[in-house]
Amino acid sequence: MNTPDTMTESASTATLTPALLREEAARYALLRRIAPAIRHHMAGTLQPIGMIAAILDRRLQAEAPDLAVLRDNSKSISTLSRSASTASMNLITWVVPKENGSIALEAGIEEALGMLATDLAFRGFTVANQVNAPDVTTSVFALRTVFTACLIALTDVAQAPASVVLSSEPAGDQTRVCITVTRTEGTAATDEGRGYRALGWDDVQALADAEQVSVRYSAAHADMLFNRIEQVLVTG
């Protein structure tokens, strides 16, 4: 006999269609891939605080500490702490997103590139961002998931060293963003192994379907059609 708990569980499970399961698996795989970058950025926001604290500690050991300098150091720690808190909260939204919103296309792509820059450089990829869409805004979730997943999926199968070129163009009421990977001359990057599995195009497609983004891809190229979102100007 089913208890209320098992009945609720069964009902919840019944709503998980194959498409939703693929989407959830893709979101988890993407999160696992960017988790090291999130950890790296969080550590970077805290490092200056530790450095100032160490300096402050040494100055406090002096026979006659300079109180004015100590006050300045204390203010610096307070300012850096607020900045680190804000940066950390922004990073956490990659893990636990708030409600979807709009973001400038160029800013969203720069944000994603900033998240992956160190990883891509270590793997032997150089990135040229030629996206030019100053007046275009689109979905935060779409950029963070579909664009980021496309970039990872392409570089996962590419041979490094290679160049990654990003570009954009109008496409009717949408904006097309293209990623092209080209092999370059040089020494191959050291394969240190990934912390999680490679992203596949089935993952990208699941995320694209969820975010209503049209995606085309090949071994060395991908392009995405992002919907434009009109920004509402508040006056008065």
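Guide: For residue classes, Ala, Val, Leu, Ile, Met, Phe, Trp, Tyr, Cys and Pro count as nonpolar, Asp, Glu, Lys and Arg as charged, and the others, Gly among them, as polar. By that scheme the lining of the second largest pocket has nine nonpolar, two polar and two charged residues. This is a predicted model, in which local features need pLDDT of at least 70 and side-chain atom pairs count only at pLDDT 80 or more, while totals for chains, interfaces and linings use all residues. Residues are numbered from 1 along each chain as its sequence is written, and side-chain values use heavy atoms, with hydrogens and water left out.

Visitor: What makes the pair of Y28 and Y196 edge-to-face?

Guide: Rings of Phe, Tyr and Trp (its six-membered ring) pair if their centres lie within 6.5 Å, and planes under 30 degrees apart count as stacked, over 60 as edge-to-face and the rest as tilted. The centres of Y28 and Y196 are 5.8 Å apart and their planes stand at 85°, so the pair is edge-to-face.

Visitor: Why is the pair of W201 and Y217 called stacked?

Guide: Their ring centres are 4.3 Å apart and their planes lie at 5°, so this pair is stacked.

Visitor: How do you know whether W201 is buried or exposed?

Guide: Buried means under 20% relative accessible area, exposed over 50%, and partly exposed in between (1.4 Å probe, protein chains only). W201 has a relative accessible area of 18%, so W201 is buried, whereas Y217, at 36% relative accessibility, counts as partly exposed.
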